[in-house]
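Keep the model open beside you as you read.

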Amino acid sequence: MIELAEKQGLDLSGVADYYSRKLAEHGPTPRGVDWNGEKSQLMRFRQLSKIIEADALQSNGESFSVNDLGCGYGPFFDYLRKNYVSFS
């Protein structure tokens, strides 16, 4: 991502440094990726899951997967595995 930004003339080194410091300070936690905390993280996951729930009802219980690309440390995967039997 940083390489793409550099090709477009954008300097994201300050952003990378900011999040590196947060991660070093708080570790792989919601605070480590500069979220307010676990409570707001769970609220975010519940909201995202509303889309999954609608699709899962239409798929007759078939398994589903999610391509979760973004900023974070992977807790959405754990949330899905815990809350959806058909998640693969």
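Start with Trp 35, Phe 45, Phe 76 and Tyr 79, which form one aromatic cluster. Rings here are those of Phe, Tyr and Trp (its six-membered ring), and they pair if their centres lie within 6.5 Å; planes under 30 degrees apart are stacked, over 60 edge-to-face, and the rest tilted. Before going further, note that this is a predicted model, where local features need pLDDT of at least 70, side-chain atom pairs count only at pLDDT 80 or more, and totals for chains, interfaces and linings use all residues. Residues are numbered from 1 along each chain as its sequence is written, and side-chain values use heavy atoms, with hydrogens and water left out.

Now zoom out for a moment. The protein has 4 helices and 0 strands, running α-α-α-α from the N terminus on. Helices (H or I, at least four residues) and strands (E, at least two) are DSSP runs, numbered from the N terminus. Of the 88 residues, 23% are buried, where buried means under 20% relative accessible area, exposed over 50%, and partly exposed in between (1.4 Å probe, protein chains only). The accessible surface is about 6,900 Å², and 54% of that belongs to carbon and sulfur atoms; these areas come from the Shrake-Rupley method with a 1.4 Å probe, and for residues only the protein chains shown count as cover. As for contacts (heavy atoms within 4.5 Å), take those with a separation of 6 or more: residues 24 or more positions apart account for 45% of them.

Back inside, the largest nonpolar core has 10 residues: Val 33, Trp 35, Phe 45, Ile 52, Phe 64, Phe 76, Tyr 79, Leu 80, Tyr 84 and Phe 87. Such a core is a set of buried Ala, Val, Leu, Ile, Met, Phe, Trp, Tyr and Cys residues joined through side-chain atoms within 4.5 Å. Helix H3 (38-58) and helix H4 (75-83) each supply at least two of its residues, and H4 gives the most, with 3.

Leaving out residues up to four places away in sequence, Phe 45 touches Trp 35, Pro 75, Phe 76 and Tyr 79. Both Phe 45 and Tyr 79 are buried.

How do the rings pair up? A pair of aromatic rings is described by the distance of the centres and the angle of the planes. The whole structure holds 5 aromatic pairs. Tyr 18 and Tyr 19 have ring centres 5.1 Å apart and planes at 90°, so this pair is edge-to-face. Tyr 18 is partly exposed at 30% relative accessibility, and Tyr 19 is partly exposed too, at 37%. Phe 45 and Tyr 79 make a tilted pair, 5.4 Å centre to centre with 50° between the planes. Phe 45 sits in helix H3 and Tyr 79 in helix H4, so the pair ties together parts 34 residues apart in sequence.

One last stop is the loop between helix H2 (13-26) and H3, where you'll find Asp 34. Most residues other than glycine have a negative phi. Asp 34, though, has a positive phi, near 65°, and is partly exposed at 32% relative accessibility.
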